[in-house]
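Keep the structure in view while reading.

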Amino acid sequence: MDVEKLFATMLVPIAAMVWIKAHAAEPVYPDKPIRLIIGSAPGSGPDIISRLLSDRLSETWSQRIIVDSRPGVAGVISAELALRANPDGYTWMMLTSQLFVATSVYTNLQFNLDKDFQSIALIGSVPFVQMVNPQLPVKSVPDLIALAKKSPGKLRYGSAGTGASEHLSGEMFTRLTGTEMLHVPYKGIPQAIADTLSNEVQLTYAVYPAARPHIDSGRLRAIGVTTPKRSPVLPDVPAIAETVKGYAMFGWYSLVAPTGTPTTVLDKVSAEVVKAAKEPAFAEKLKGLGIEVAAGGRKELDDFRRAERKRVSELVKAIGVSMKQ
C-alpha cells in the first residue's frame, strides 16, 4: 500500500470519530427548564391554561415548564420581559386577546407585537362572562341596562387594566346600550373579581376559566356571555348579543416566542402543543374550561393574528379608546 492510500485509510476512522463526537455533544431540545411568561395574575384564565399545558409537556420532555406570572398594563410588562430573554427556545410567552387588544390601544409601546414575536401554536378561544354581585338587583342584561340608565355613572365595573379585553368589553357595552358606567382598572382580573365579590365594584367581565368557580358557588351571578352565541358550558346564560345587537368579544390563547428563536425549536414545540390539544383527554380538560379547541400550528396562528389585528384595530378605532403607557 502506497503512502497516499495509507494516509487516506487512516483519515476515514478519524473523521468518523470527530463527527460522532461533535454530534454526541449536541443537546436534544429541551435539555433544561423552559420559562413560560404570562401577562396575567395567578388564578386568571391564562394562568390556568398555562399550568395545564406545562404539566402535559413536562410529561413528554421530562423538563419543567415554569409558569412565570407578570401581570400589569394588560400584558405589556410580560412582552417587554420576554423580549429581553435570549431567543434560544427556552423562553415562551402566552399571547392572549388581552395583550393583543392592549397593543391596539396603547400608542407608545417599546415593541411591535406583530414583528417581535414568532408564532408557535393557537390553543383555542373562550367567552368572557358578564358577572354581577348578587346584591345588585339585576338578573339579566335588560335589567342591567335599565338600572344603568336609571343611575348613570353610578355602577362600577372592574377590568384587568386599562386597554385590556375586559375594559373593551365594558366600553363596547356602554357605547352600544347608551349607558354610562365607571371603569375601575386593576392589575389583574383576580383583583377585579375579588372587588366584585365584595361589592366594591358591581360587575366585571372575565374569561370562563377564571369566572367558573364564582359562578358555580353562586357568589357571582352570570347574566351574559360576550360571544355572538351562547356557550356550551353556560347554555342557560344568554349571549349579550341577544339583547345588544352587534355585541361580540371573545378571549383566546396562543403561544409565541421572541423573534430569532430557531425554527427547528419553534416547529418542535408547535407540533407537541398541537398534538396535546388534539388528544381526547387533554382536549376534554380544555373544553371543561369553556375553551373551543383550535389546535392550530404556526401557520394557523400567523393567519389568525393577521385577521385579529384587523378586527381589533377596527373595533378600537370605532370605540375611540387610545392610551399612552
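## The largest pocket

The largest pocket is lined by 15 residues. Pro 127, Ser 231, Pro 232, Gly 290 and Glu 292 lie nearest its centre. A pocket here is an open set of points on a 1 Å grid over the protein atoms alone, with protein on both sides within 12 Å along at least five of seven lines; lining residues have an atom within 4 Å of a point. The space in the largest pocket comes to about 270 Å³. A volume is the space filled by probe spheres set on the points, with grid points joined across faces, edges and corners.

Seven lining residues of this pocket are nonpolar, four are polar and four are charged. Ala, Val, Leu, Ile, Met, Phe, Trp, Tyr, Cys and Pro count as nonpolar, Asp, Glu, Lys and Arg as charged, and the others, Gly among them, as polar.

## Basis of the model

This is a predicted model: local features need pLDDT of at least 70, side-chain atom pairs count only at pLDDT 80 or more, and totals for chains, interfaces and linings use all residues. Residues are numbered from 1 along each chain as its sequence is written, and side-chain values use heavy atoms, with hydrogens and water left out.

## Two cavities

A cavity is a set of grid points where a 1.4 Å probe fits but cannot get out. Two cavities reach 30 Å³ or more. Helix H2 (45-61), helix H4 (97-105), helix H8 (189-197) and strand S10 each supply at least two lining residues. S10 gives the most, with three. Helices (H or I, at least four residues) and strands (E, at least two) are DSSP runs, numbered from the N terminus. The lining of the largest cavity divides into nine nonpolar, nine polar and two charged residues.

The second largest cavity has a volume of about 50 Å³. Its lining includes Ser 40, Pro 46 and Gln 98, with at least two residues each from S3 and H4. Four of its lining residues are nonpolar, six are polar and none is charged.

## The sheet

Six strands form an open, mixed sheet in the order S2-S1-S3-S10-S4-S11. Strands S2 (65-69) and S11 (292-296) stand at the edges with a single partner each, so one side of each has no neighbour in the sheet. Two strands pair if DSSP finds at least two bridges between them. The twist averages 25° from one strand to the next.

S4 (residues 117-126) and S10 (residues 251-258) pair in the antiparallel sense over eight bridges. Gly 124 has Tyr 253 in S10 as its bridge partner.

## Helices on the sheet

Helix H10 (residues 263-278) lies across S3 (91-96), S4, S10 and S11, at about 10° to S4. Helix H12 (residues 298-319) also packs on the sheet, touching S3, S4, S10 and S11, with its direction at about 75° to that of S4. Contact means heavy atoms within 4.5 Å. Axes are lines fitted to C-alpha atoms, for helices over the stretch in contact, and angles run from 0 to 180 degrees between N-to-C directions.

H10 and helix H11 (residues 280-288) pack at about 80°, with their axes 5 Å apart. That makes the two helices roughly perpendicular (65 to 115 degrees). Ala 276, Ala 277 and Lys 278 in H10 meet Pro 280, Phe 282 and Ala 283 in H11. Five of these contact residues are nonpolar, none is polar and one is charged.

Terms used: Angles under 35 degrees count as roughly parallel, over 145 as roughly antiparallel, 65 to 115 as roughly perpendicular and the rest as oblique.
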